[in-house]
4 protein chains.
Amino acid sequence: MNTIGNIFRLTTAGESHGPAMTGIIDGMPAGVTVSPEMIALEMSRRRPGSSANVSQRNEKDEVTILSGIYNGVTTGAPIAFTISNDDARSEDYEHLRDVYRPSHADFTYQAKYGIRDHRGGGRASARETALRVVAGVFAMAALESKGISVGAYTGRIGNVKLENYTFRGDMEAVYNNPMRCPDEVKAAEMERLVQHVRQAGDTVGGIVHGVIQGLPVGLGEPIYDKFQAMLARAMMSINAAKGFDYGMGFDGVCRLGSEMNDAFVRTPEGRISTLTNHSGGIQGGITNGRAVTFRVAFKPVATLMREVTGIDSKGRPVIISAQGRHDTCVVPRAVAVVRAMAAITALDALLMARSAVL
Amino acid sequence: MNTIGNIFRLTTAGESHGPAMTGIIDGMPAGVTVSPEMIALEMSRRRPGSSANVSQRNEKDEVTILSGIYNGVTTGAPIAFTISNDDARSEDYEHLRDVYRPSHADFTYQAKYGIRDHRGGGRASARETALRVVAGVFAMAALESKGISVGAYTGRIGNVKLENYTFRGDMEAVYNNPMRCPDEVKAAEMERLVQHVRQAGDTVGGIVHGVIQGLPVGLGEPIYDKFQAMLARAMMSINAAKGFDYGMGFDGVCRLGSEMNDAFVRTPEGRISTLTNHSGGIQGGITNGRAVTFRVAFKPVATLMREVTGIDSKGRPVIISAQGRHDTCVVPRAVAVVRAMAAITALDALLMARSAVL
Amino acid sequence: MNTIGNIFRLTTAGESHGPAMTGIIDGMPAGVTVSPEMIALEMSRRRPGSSANVSQRNEKDEVTILSGIYNGVTTGAPIAFTISNDDARSEDYEHLRDVYRPSHADFTYQAKYGIRDHRGGGRASARETALRVVAGVFAMAALESKGISVGAYTGRIGNVKLENYTFRGDMEAVYNNPMRCPDEVKAAEMERLVQHVRQAGDTVGGIVHGVIQGLPVGLGEPIYDKFQAMLARAMMSINAAKGFDYGMGFDGVCRLGSEMNDAFVRTPEGRISTLTNHSGGIQGGITNGRAVTFRVAFKPVATLMREVTGIDSKGRPVIISAQGRHDTCVVPRAVAVVRAMAAITALDALLMARSAVL
Amino acid sequence: MNTIGNIFRLTTAGESHGPAMTGIIDGMPAGVTVSPEMIALEMSRRRPGSSANVSQRNEKDEVTILSGIYNGVTTGAPIAFTISNDDARSEDYEHLRDVYRPSHADFTYQAKYGIRDHRGGGRASARETALRVVAGVFAMAALESKGISVGAYTGRIGNVKLENYTFRGDMEAVYNNPMRCPDEVKAAEMERLVQHVRQAGDTVGGIVHGVIQGLPVGLGEPIYDKFQAMLARAMMSINAAKGFDYGMGFDGVCRLGSEMNDAFVRTPEGRISTLTNHSGGIQGGITNGRAVTFRVAFKPVATLMREVTGIDSKGRPVIISAQGRHDTCVVPRAVAVVRAMAAITALDALLMARSAVL
C-alpha cells in the first residue's frame, strides 16, 4: 500500500502538515557511497520556490538519515530518513476542515477512512514525493556504479512542446531553467505560458519525458512484472499523473507494423542492437539494451487561485478561496520525481534479474 | 513475476506450443457461482478465428477446471485450470530456432535466460492472455454480485476512431461485430481498414477503451497502490500494450484547471457525486463513485505477412517469412483481455479496501 | 495464501478428491536439468502404501509437467504440473457431508468459507504435500549445482528415538526402510511400535530432523526474513506439524551460555568456521557456513480406526467410523515433505541473498 | 526483508547505536484510539534496567509519532515513529571493530554485506524489538475493539518452570515482577537462578508462553499462511528465539491420537466449541474459536560477562571482555516482544480473513 518495489523497496509515511515525512528504503545493496550533498542537490531540483511559477512554500527540505549508512557507505541495512515540515501553515487550511474541494482527494479519503487530516491535503499531498526523490538518489548511485543513468525533462506544458527533439542525457541543461526543459527557447516559451495562466488564476498540465540509458539486456520479469508494467505503476502512483506510455506509445497506434519494427544490427563491438528504437528499449517486457524511453502525462493541478465551489460533508455547496501556496503547473517539479521513480524501478528490476540463472 | 494481485491473485504458466496453458486463481471469495457456460462465452469473445482479420489458429480453447469449485460454487480454495494447446503447429517455427525476429521477444528471452522455447513465441506468446480471460470471468462474477460491471471496446484502429462517443455499458453491441466496436458504422470502417492492411501484408495498431461502472467510493490504496497505478500495471502487462491513461489522460495536458475540475453535486438520493467526470472516477488514487474510464494503446503487431530481416545468434542477418497464423490487428481480441484485467484489478481493490476500517 | 516464497515461489491448488492437484513453480532459474525420473524417485519416497503402517490409498502419483522445461532443461518460465487423483473414493466420505470430525479442519473450513468440499478433507488434505515434493525436486536440483544438499529423517516416533546420533547426509540409509530412519535398529523398533498402535486403532506422532549442508555464508535476510523464520514458516505450513526448532532449540533453554557458544576456528583452507554447531548453522538470521539443523514435531493424526464422536452442523453428536485409508503415523511420509520444504526455503534464500551487494 | 505482514505491516530500520530506531506501520485500520500513555506503558514493560538481572542500558525509550494519527485516532495513513538512542556508548564497542564475537552476528553480517556497523551489534541488536512493541500497541488496540486479547508470560528460565499451570489472561500478575512470571513463587525462584548465573558471569535461556484469546473462528489462510505458520515466522524472527510450538507441540509427539483429539461440545449459547484444547486453537491452519496457545524457546544470550575467545577478520584468535551492558537472561524482556508479535500476526490474520467471502 505505502510500499513500492520487490527487492529494492521504498515505504513512506507522513502528512503534509504533520511533524515530518518519513521514508524507509529496504534492499539497498551494501557498499554504495551516498553523501548528504548528493541528496541535497537532488532535493533542490524538486524544491518548491525555485520559480515564480511553482508553489511558494518555503521548505528547506533537510533530509536526516537515521540508519543504514556507516562511514558514508550503505551497509545493506534499511535506510530510514525524515524530512521536517518546518514551513507548514496549518491555519491556511482551517476553513477546509469540513469541506471537499473539487477534484481533490478530500472526499474520497473521508469516505474511505471515515476520518482525515485535512491540513494541506494530509497524506494525499504531493509533499510525499520529496521522500521518493531521496530514495531515487540512492537508486541512482547504485545504478551509476553499473553504468546506468536516468534522465527526465519537461517535454510539454499546455500546447508548448518539444518537437523532433532527441535527448542526449544532459541533465545540466534540464536543471538549468525553472521549467526543467533542456531546450532554452522552448523553456522560455513555457515560462511565459505558465505566467500567463498564473495571472488568470488558472493552472495547466503537461508531459514529462523519461530516458533510462545503459541498462543491460534482460531486465524485467515476464509476465506481470514486465519492465513497462512496473514502470507504469511507479509513474501512475505520482500525484496528478494521468497517463503513461513508452516507445512510440499512443502515437504508434495509427502506424503500420512495417514502419514500427526495429531492425537488428550488429554493433562494431559484436553485440546485437537495433537500428531504430520505436520499441522504447523493451521487447516482451524485457530490456533489449537500448534506451528505455517513456512519457508521463500530468493534469493541470486542481487548486485554482480563484474562487471555486466545493461541497461540505452535508452536501451543501461552499465557496472556497485557495489560501495555501500552490503550483500553477506541477510539471517542472515532477521532473525530479519521475526521475526518482524511474531509478527506483530500474534498480529493483536489476536486482530481480539476477535470479534468472544460477 | 508470473503472479498479479494482492489478495485476488492470478498466477499463470505455459508456453504457446507446450501441452497446455495453466492458471491458478487464489483469493477468490467463496460462495460465487461460476458455470462452464460463463467461461466458454467469454473465451469465445477472445477467440482467434472469429474474423478474417485475426489469427487463423483454430483453438477450441476448452477450459478444464481442476479445483476450487464444488457444486458449481467457489469454495474459497484456489482454482486451478488448464487450456490445451491442441492446434499448435510447432513445425511452423522450426526455421526460427536460432533466429531473432525484429521487435519480438526472441532476443531478449534468449539473452535473459540463456535458453528459450522458440515455438510460437514460447512464454512470450499472447496465448497467455487466454488464462487472464478465465480469471476475469471469476472476477466479474464476484463484482456483479456487488453491482459492479466492467466494459471494454475498440475505440480506434489506425486512424479510424470513435469521436464524441459515450459508452453506456452495452457489451452486446461490442461483441456483435468482429471489431469489438459498439458503433456499427465505425466497426465496418475499421474492418475495411484491417482487410486493406492485411492484403498489404502489414499490421496496424489501435486503442481499447475500458469502463468500470458501479464501483463504491473508497477503492484504491494510497500511495503506491493507487487504483490507477494498479490498473496501469495490469494493462501494461498485456502483450503489445504501449500506453495507458485514464480520465482525460494525455488529452488533458493542454487543458486549463478551470476546464478540468469536476464540480460536486448532490444526487437525488442524497449522495455526493460530480457533474462531470474528467477525473475518470478516481481522486487521490481512490475511487469516487463515478465510472472509472481508461484507455490502452496497442502497437501494430510485429509479425508481418511478408519477408522481413531478422538476425541469428551469431549476428548474421536472416530473411524470415512468417509461416504461423498471425493477427493483422490485435485490438479486437485485446478487448476481452482488457476487460478481464480490469475486473481482476477491481476485485483485488475491493477486497483490499475492506481493511480501511475495522 | 496458497503461495510460498519470495523469488522461488510455489503456488498450489487442488482438493484431495478433485480431478487433479496442480502446482506452479515460479522463479526457477533457467538452465537446470530436471528429469521425470528425478521426480518419480522423490515422489515414490513420499508415496502412501509404501508400508503397512501408512495409508493404503494407492495413488500412482504420476506427475505431468505442462510448461517451463524445454529439452529437459528449465527455461526460467514458470513450471506448471499436475498430479491426478486416480484412486479417490469419494463415496467413503459421503457420511461426512454434514459432519465435523474432531481435530480435523472440517469445522473451521465450513465456518470460514460457508461451504466446503468434504471429500477426503478437500483442500485441507495432506495430499497437497505431494505438490511440494515436486517443487522440492526442482529446488534440490538447483541447490546441488551449487554444492548444497538437503537431508531429512525420522528422529522419533512416540517414545522411540535416536539418541547421540549424528546424521552424515546418507539419504540412502533413510529411504532404505519404511520408517525413514537411518538407524536400522531404531527403525525396526519404530515399526513395531507403529504396528502395535495401528492394531489398537490408534495413531502416534513423532519428530522429523532436517539438515541442510553446503550452504554458503550469508543466506537469510534480516530482520523478518531471517533464515530460521522462513524455515519455521515453511515447516509449520505442513499438515500436522506442531513445532519447530533449530540448533539446540528447546533443549538449549536450560543450558548456560558458556556451554552453548560456538568457538570460532580457522579451517585448513583459511576459512572461518566454528568448532561446535549448537547454533544450528545460523547467526543473527544469516547462515554461517555450518550445517543448518532443525526439527519438526508432528502430532498423532486425528483420524482413528475406531469409532469416534463428531458433531454435525446443527451441533448434534454423531458417531463416526473412519472408512477412508489413513496413516497410523504421518512421520515417515513427512520426511520427504520436510526435505522438499527445506530445499524450497534454501533456494529462495540463495536467490534473495544475491541482492546484498551489487 | 525488514517488513512483516500482509495487510497490517511493520517495516523497521535502525542500528543499536545510530541516531534513532525508526518504524512504519502500514495497514492500520482507521478510527482506532491509541494514546502516548498506552505506548509508554507497554514500552516500560520491555525496558532494560527494570531489574538487576537484565541489561543496565538506561534508555528512556521515548516514542515520537510522526504521522498517521490525528486527534488521537488512527487515520488509515501509515504511522511512522522513532525511538532515540540516547544512551548509546559506542566507545564500549571500539575494541570489537574488527573482531567477531562467538555466537553473534558479527561474522555473518560482515560476510554477507562486506561492511558492518559493529557498534552494539548494529542492525542485529535486540534494540530493534523496541519498535515491534510499539507496533504491538497499535495491533492490540485494534484487536481489543474486537474482543481479542493477547497475553504472554515467562514459563521457564533454565530448569525453573511452571507446571500444571493455566494462564487466565491476567497480565497484571505478569508485569508485577521482573521475571514476567505470573506465579510469584516461581518468579522468585527464577530471579534467584538468574542472579546466581549472573554472578558466575554466565547467561541462561528459557521459554515464553503466549495465549491469544477471543479470536473468532476462521482466521488463518490455507495453505502457506496457516495461522501457526505466520505465528511461527513472527516468533522465529525475534532475536535469540530458537524454537516454536503450539497446542501440545513437542510434548504431543509421544502421545496417542486418542488422547489428543479435542471432542466437540455445544456451548450454552449454541456455538460449537471443544471440550479440551490440545490443538491450541487451530485446525487445518484456521482458528477454531478456542485460545491459541504457543511457546517460544530462547537460548542463553551469547555475551558473557567474562573473557571469551573471538576471532578477527584475519582469522586470529582474540580475547574479548564484554564491556557493554548485557542481559543475563533475555526471557523476561522477550515477553513484551512475543506479545507484540502475536498481536501483529493476529491483526493481520483478522484483516486477511475478511476476504474469505464477499
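# Reading helices, copies and buried loops

Colleague: Which helices of chain B pack at an angle of about 140°?

Modeller: Helix α1 (residues 36-46) and helix α8 (residues 331-353) of chain B do, with their axes 7 Å apart. Please keep in mind that this is a predicted model, where local features need pLDDT of at least 70, side-chain atom pairs count only at pLDDT 80 or more, and totals for chains, interfaces and linings use all residues. Residues are numbered from 1 along each chain as its sequence is written, chains are lettered from A and ligands numbered from 1 in the order in which they are written, and side-chain values use heavy atoms, leaving out hydrogens and water.

Colleague: How are the helices and the angle defined?

Modeller: Helices (H or I, at least four residues) and strands (E, at least two) are DSSP runs, numbered from the N terminus. Axes are lines fitted to C-alpha atoms, for helices over the stretch in contact, and angles run from 0 to 180 degrees between N-to-C directions. Under 35 degrees counts as roughly parallel, over 145 as roughly antiparallel, 65 to 115 as roughly perpendicular, and the rest as oblique. α1(B) and α8(B) are therefore oblique to each other.

Colleague: Which residues make the contact?

Modeller: Contact means heavy atoms within 4.5 Å. On α1(B) these are E42(B), R45(B) and R46(B), and α8(B) brings R333(B), A336(B), V337(B) and R339(B). They divide into two nonpolar, no polar and five charged; Ala, Val, Leu, Ile, Met, Phe, Trp, Tyr, Cys and Pro count as nonpolar, Asp, Glu, Lys and Arg as charged, and the others, Gly among them, as polar.

Colleague: Is α2 of chain A mostly covered or mostly open?

Modeller: Mostly covered: six of the eight residues of α2(A) (106-113) are buried, meaning under 20% relative accessible area, with exposed over 50% and partly exposed in between (1.4 Å probe, protein chains only). They are D106(A), F107(A), T108(A), Y109(A), K112(A) and Y113(A). Their cover includes β8 (99-100) of chain A and, from chain B, elements including β13 (264-266) and α8. After α2(A) comes G114(A), with a positive phi near 75°.

Colleague: Where is N239(B) found?

Modeller: N239(B) sits in the loop between α6 (227-236) and β12 (241-246) of chain B, and is buried at a relative accessible area of 17%. Its side chain reaches the backbone oxygen of A124(B) at 2.9 Å. Leaving aside neighbours within four places in sequence, the contacts of N239(B) include K226(A) and F298(B).

Terms used. Polar contact = N/O pair within 3.5 Å; in protein donor to acceptor, adjacent residues only side chain to side chain.
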